[in-house]
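Dear colleague,

Please find below the structure that I am handing over to you. My notes on what was found in it follow directly after.

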Amino acid sequence: MTDLEICQSVEAKDILEISDKLNIDSKSLTCYGRDKAKISLDLLKNKPKGKLILVTAINPTPAGEGKTTVTIGLADALNRLDREAMVCLREPSLGPVMGLKGGACGGGYAQVIPMEDINLHFTGDLHAITAANNLICAIIDNSIMRDNPLNIDPNRVAIHRVMDMNDRALRNITIANGGGKMNGVTRPDHFDITVASEVMAVLCLAKNEEDFKKRISNMLVAYTYDNKPVYVKDLGVEGAVSLLMKDALKPNLVQTLEGTPVLIHGGPFANIAHGCNSVIATKMGLGLSDYVVTEAGFGADLGAEKFLDIKCQSANLKPSAVVVVATIRALKMHGGVLKEDLAFENVDALLKGVSNLEKHCENISKYNLPFVIAINRFNTDTDLEIEALTNWANSKGYSISLTDVYNKGGAGALDLGGKLLNILDDSKFKPIYSLAMSVEEKINRVAKEIYGASEIEYTSDALEDLKMLKELSLDSLPICMAKTQYSLSDNPKLLGRPRDFTITIKRLLPQIGAGFIVVMLGDIIRMPGLPAKPAALEMDLIDGKAKGLF
């Protein structure tokens, strides 16, 4: 069966039954039907008691890694091992769902449900974020048109309109066309995708409602003609933005196919933003369950680095262990095998591509975190390939587990769960850089220690940005590196473990509300495009049932 057919064949438990597992009073729930609910922020008062487990991966390839699938299967396995475990995930963006992915709720028998709702409009959080962001944009252009009392330079507006869809036609546009003051001031602009917006990042890093409003008010959204920053608080719209986000601030409670509780909240991209679910959901989960399994987007060089250096430092979180997910197929691709040849046994390519996995394992060790390698099994994996990979891991002293959660659900990760439980008390976590370091020092640490770069170059624009950051006294913020997910470098074609390469810093963009500085590397794009054959072409609604989500 397809992923969607598997989900539709399972009868979901009533969401009140799921909330009972977490001892949540029904008065703290706002139910959306019988299978999903929002949780009151009052539960943030619970004292954290759980251990936090991060699931990350090697650099992604078209062969697939299955990080979310393993995250879900691992939590199911921990519950099978008589532990109280739950999952914290990001919400899928409609852009990738309709573009390449077709869905992002796990796979096979390790999925979260209701899969159709989660992948589509869910409880409306992303729509609220879109509206909140675009309200700020509308207020800015309205202020410029109405005699510009804040002296905003129309060519230096730093916030852009967003929509939750891949639409490359909106990457470069002109607004207020038609002339005359009625339409506003004509200027060049562009759209970003909603999950790349600072409002999304603020949602995911805010500690509570009050902190959210404070962060929104501190968003730097434009500059004046005399080079002074303009903040949302100068526009006086932080209250209205918070009002639009009233319900979106509350985490969403759903379940896995096996009835494990899941909190889904927020969805920033990891190659553009920080790639983690909300601090609110994570801390709420730690107060509700003994074990919280979460994931961070793309490879450990992006999502895990930002989880550990941005989210954990900002929210004072201390992870207990890490799972590094890989597949034999993906490792062979890092070793030079073409996608169409991945089904054929190739031990030599596997052992060449394992260098990518090795680098990510070394990086996790730099954070003083224990880890287990989870090999997400495919039916094309051969005994010789599995033996070669296991022997390699043993030779390095790495703990490794063969998982099959796609076909077996939690039963396919019992070995992984057991090995993980054995190392949870070995964490002496520390970030790769301290916030007291300069921006250049932080960039140097991530680029050289995590990516393996030998040199760092700054464009003239980046040097000007650095000067502005110092003038605004923003050195104490963490950095959010925006780069390709496909390589440890800023060149997507350099697979495996590239060495002796140069990282080029193109821009440094302060996102003061979110609480970090976005460092732009390579040709990163904040509005993705659709592929030649979008996943949307296979989707339909027939007799009231979704078709084509996968």
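Strand β3 (residues 51–57) pairs with strand β16 (residues 291–295) in the parallel sense, over 5 bridges. Here two strands count as paired if DSSP finds at least two bridges between them, and helices (H or I, at least four residues) and strands (E, at least two) are DSSP runs numbered from the N terminus. Within this pairing, Val 55 stands opposite Glu 295 in β16. β3 also runs parallel to strand β17 (residues 321–326), to which 5 bridges join it; there, Thr 56 stands opposite Val 324. Of the 7 residues of β3, 6 are buried, and the strand is thus mostly covered. Buried means under 20% relative accessible area, exposed means over 50%, and partly exposed lies in between (1.4 Å probe, protein chains only).

Please note that this is a predicted model, in which local features need pLDDT of at least 70 and side-chain atom pairs count only at pLDDT 80 or more, while totals for chains, interfaces and linings use all residues. Residues are numbered from 1 along each chain as its sequence is written, and side-chain values use heavy atoms, with hydrogens and water left out.

A second sheet topic concerns the strands β20 to β23. They form an open sheet of 4 strands in the order β20-β22-β23-β21, with mixed pairing. Because β20 (455–458) and β21 (479–482) stand at the edges with a single partner strand each, one side of each has no neighbour in the sheet. From one strand to the next, the twist averages 35 degrees; for such angles, axes are lines fitted to C-alpha atoms, for helices over the stretch in contact, and the angles run from 0 to 180 degrees between N-to-C directions. β21 pairs with β23 (residues 516–521) in the parallel sense over 4 bridges, and the bridge partner of Ala 482 in β23 is Met 520. Helix α19 (residues 460–471) packs on this sheet and touches β20, β22 (502–511) and β23, its direction making about 40 degrees with that of β22. Contact means heavy atoms within 4.5 Å.

I turn next to charged side chains. Side chains of opposite charge can pair when their charged atoms come close. The structure holds 28 salt bridges, a salt bridge being a side-chain nitrogen of Lys or Arg within 4 Å of a carboxyl oxygen of Asp or Glu. One of them joins Asp 117 and Lys 36 (2.6 Å, N to O). This pair links distant parts of the chain, 81 residues apart: Asp 117 is in helix α5 (residues 115–119), and Lys 36 is in the loop between β1 (29–31) and β2 (37–39). Asp 117 is partly exposed, at 28% relative accessible area, whereas Lys 36 is buried, at 10%.

Asp 141 forms a salt bridge with Arg 161, with the closest N and O atoms 2.9 Å apart. Since Asp 141 lies in helix α6 (residues 125–145) and Arg 161 in the loop between β7 (152–157) and β8, the pair ties together parts that are 20 residues apart in sequence. Asp 141 also forms a salt bridge with Arg 187, where the closest N and O atoms are 2.9 Å apart. Arg 187 lies in strand β10 (residues 187–189), so this pair ties together parts that are 46 residues apart in sequence. Both Arg 187 and Asp 141 are buried. Asp 141, Arg 161, Arg 187 and Asp 189 are linked in a network of salt bridges.

Which charged residue is buried yet has no salt bridge? It is Asp 164, whose nearest side chain of opposite charge, Arg 90, is 11 Å away; Lys and Arg count as positive and Asp and Glu as negative, while His and the chain ends are not counted. Asp 164 is placed in the loop between β8 (162–163) and β9 (173–175). Its side chain makes a polar contact with that of Ser 93 (2.6 Å). A polar contact is a pair of N or O atoms within 3.5 Å; within protein, one must be able to donate a hydrogen and the other to accept it, and residues adjacent in sequence count only if both atoms are side-chain atoms.

Finally, some notes on the backbone. Most residues other than glycine have a negative phi, and most peptide bonds are trans. The peptide bond from Ile 113 to Pro 114 is cis, with omega near 5 degrees. Asp 82, which is not a glycine, has a positive phi of about 65 degrees, and at 71% relative accessibility it counts as exposed.

With kind regards
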